[in-house]
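Welcome to a short tour of this structure. Take a moment to look at the picture below before reading on.

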Amino acid sequence: MEMGPMGSQGRDIVVDPSRCDGCGDCIESCREAVSSQHKKTDALSRIWIHDINDKRYPMVCHNCEQAPCVSACMTGCRHRMGEFVTTDYERCVGCSMCIMCCPFGAIQLVQEERLAMKCDGCLSYETAPCVKACKTGALRHVGFVEASFENRKLRASSLALARLYKAGGDG
Amino acid sequence: MRYLVIGNSYGGLAAAEAIRKRDEEGEITVLSNENHEAYGRPLISYYLGGEVSSARMYYRPPSFYRRYRIDVRINSAVRKVLAQEHAVVLADDSQLSYDRLLVATGGQPFVPPMKGANARGVFTFTTWKDADDIKAWLPKVKDVIVIGGGLIGLSAADALRHQGGVRVTIVEMLPRVLGLALDEDGSSILQDRIEELGTRVVTEDSVVEIVADQQGAVNRVVLKSGAELLCQMVVIAIGVRPAVEILKDSGIRINRGVAVDEHMQTNLPDVYAAGDVVEARDIINEDNRIIAILPVAYEHGVIAGANMSGDPLRYPGGIAMNSMPKFEMSVMTMGLTLDQPDLEAVRRFHGTNYRKFLFRGDRLVGVILIGDTSAGGILTSIIKKQELLDRVTKERIIAGEYFSLAAEKKVAWSPAPERTQELR
């Protein structure tokens, strides 16, 4: 019944904040990639970089193993596809229940569009545009089996963000 | 194994999905007393307001029941549960037996004894059918009275104000709208907005009588204060009560809602319950109570379904919360929201943005966000975790620096009960 660990999409976006120099190329490429989904506003990026104590923290959907945004979705538009948590924006009404439940603040209400938008993985691209744009290696694709290994490695390191940047689960 | 689920909404379906994940062979039957397959219940206000078409109402893809091999029976109201005989009696007197039963009957609108409540043009607002009935009646309508300024009442009022030429008046018994979820400051910001957008709000008053015309159609309401308001439609949105009538004499223990343990099991071994009908664990109040909201219903369902099929997951508990982007304003409330002597309240105002934080000692126990509700989930997760917060963390919460809390690992990640399933 279940998808294999690799899912139908054998990749994830892994974030290594220690490599991020805050150039913002990922943000620009994201805006371009999602622009067709914005009908009433300029395209908004679904990856953000937070500056905290002189460190950069790229922030993007973690595709949680146990995704609260899916449990909370009133329309059923938020769902799992392979290992990604994706959104059918034709059905989203922007009720913000998912925003109220996302522990990472990775979902953004676009008021004018009445949509709660997040990174949906750019599954139609072989390499997600943000990953392609990242020159420092702060964003990388890995397969999902590998992703869980990468996440364990990140967690094991003393990185403050280790816990945050695993692909989900309560670790 | 024959699984029977009464209720085809979030709790019931989450359970059916969780069962099928663990039991490939079992027979799963889901009964619905409505005339549609599962739909997004809160979407009825978007549907009534013309924002969502009927095709977009459905909660799951058309192939869902077939793929999960769920025998869904719509228009199948249950009249009675015969728990001793492991069977239920349907409205047509036929019986259906089960090995394991899930009660996920949800809530039903409460209509107080009120003269004239049976007039034509008087509606409740909790089902798709209600929305259709209201739509059908609308051409006759210039003035609507919405009784109740809670979540359902405001949703109905927001949808109705979008109907050309319809004037909406909300009558609320409490001194303010959303009075159970918002404090005075929050309510007054919201009420200002509601009135700005042309909807009238009458507080501290209630409808004592609905008066019909000679054709039996609603003509006006009489308020406790003596005022009379002309109207051609009344929407009663006072609240919902757990739908427990069918459990009468079943031996299933009921307080206000159905009593369950941490496995969502009732006092009877083969009977489980989930959703708005249930009293389950409330993390903040540290007791069992009804939390009638979608995310909680879904999580109940997952836990109940897992346990029904032999996987003893425990329900970690939930918190009351709600998100209401109505009247062009975002409102979120999580956990406790009203002042209490044992809580420290911190308020922050920025224009029409309002943030309120409630702390019990060094724990965050509640939040109100009005206007800017972004990243509210970070706060939800901190509330759910109930960890002691240090001074710096508390200050950052109050300052709105939620992301920095996330980045520095101060976000408590409260997982949903199990892996989110792929929809097939």
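On the side of domain 1 of chain B, Ile283(B), Ile284(B) and Asn285(B) supply 91% of the area buried against domain 3 of chain B, more than any other three residues. The contact involves four residues of domain 1 of chain B and six residues of domain 3 of chain B. No salt bridges are found across this interface, and the C-alpha centres of the two domains lie 33 Å apart.

Keep in mind that this is a predicted model. Its scores are ipTM 0.94 and pTM 0.90. Chain B has an average pLDDT of 94, with 96% of the residues scoring at least 70.

Here is how chain B is divided:

| Domain of chain B | Residues |
|---|---|
| domain 1 | 2–108 + 241–309 |
| domain 2 | 122–238 |
| domain 3 | 336–409 |

Next comes a sheet in chain B. Five strands form this open sheet with parallel pairing, in the order S3-S2-S1-S7-S19. Strand S3 (70–73) and strand S19 (271–273) of chain B are the edge strands, each pairing on one side only. On average, neighbouring strands of the sheet are turned by 20° against each other, direction ignored.

Within the sheet, strand S1 (residues 2–6) and strand S7 (residues 100–103) of chain B pair in the parallel sense over four bridges. Val5(B) stands opposite Leu102(B) in S7(B). Helix H1 (residues 10–22) of chain B lies across S1, S2, S3 and S7 of chain B, running at about 175° to S2(B).

Terms used. Residues are numbered from 1 along each chain as its sequence is written. Chains are lettered from A and ligands numbered from 1 in the order in which they are written. This is a predicted model: local features need pLDDT of at least 70, side-chain atom pairs count only at pLDDT 80 or more; totals for chains, interfaces and linings use all residues. Side-chain values use heavy atoms; hydrogens and water are left out. Two strands pair if DSSP finds at least two bridges between them. Helices (H or I, at least four residues) and strands (E, at least two) are DSSP runs, numbered from the N terminus. Axes are lines fitted to C-alpha atoms, for helices over the stretch in contact, and angles run from 0 to 180 degrees between N-to-C directions. Contact means heavy atoms within 4.5 Å. pLDDT is the predictor's confidence in each residue, from 0 to 100. Domain bounds come from an automatic or database domain assignment. Buried area is the accessible area (1.4 Å probe) that two parts lose on being put together, summed over both. A salt bridge is a side-chain nitrogen of Lys or Arg within 4 Å of a carboxyl oxygen of Asp or Glu.
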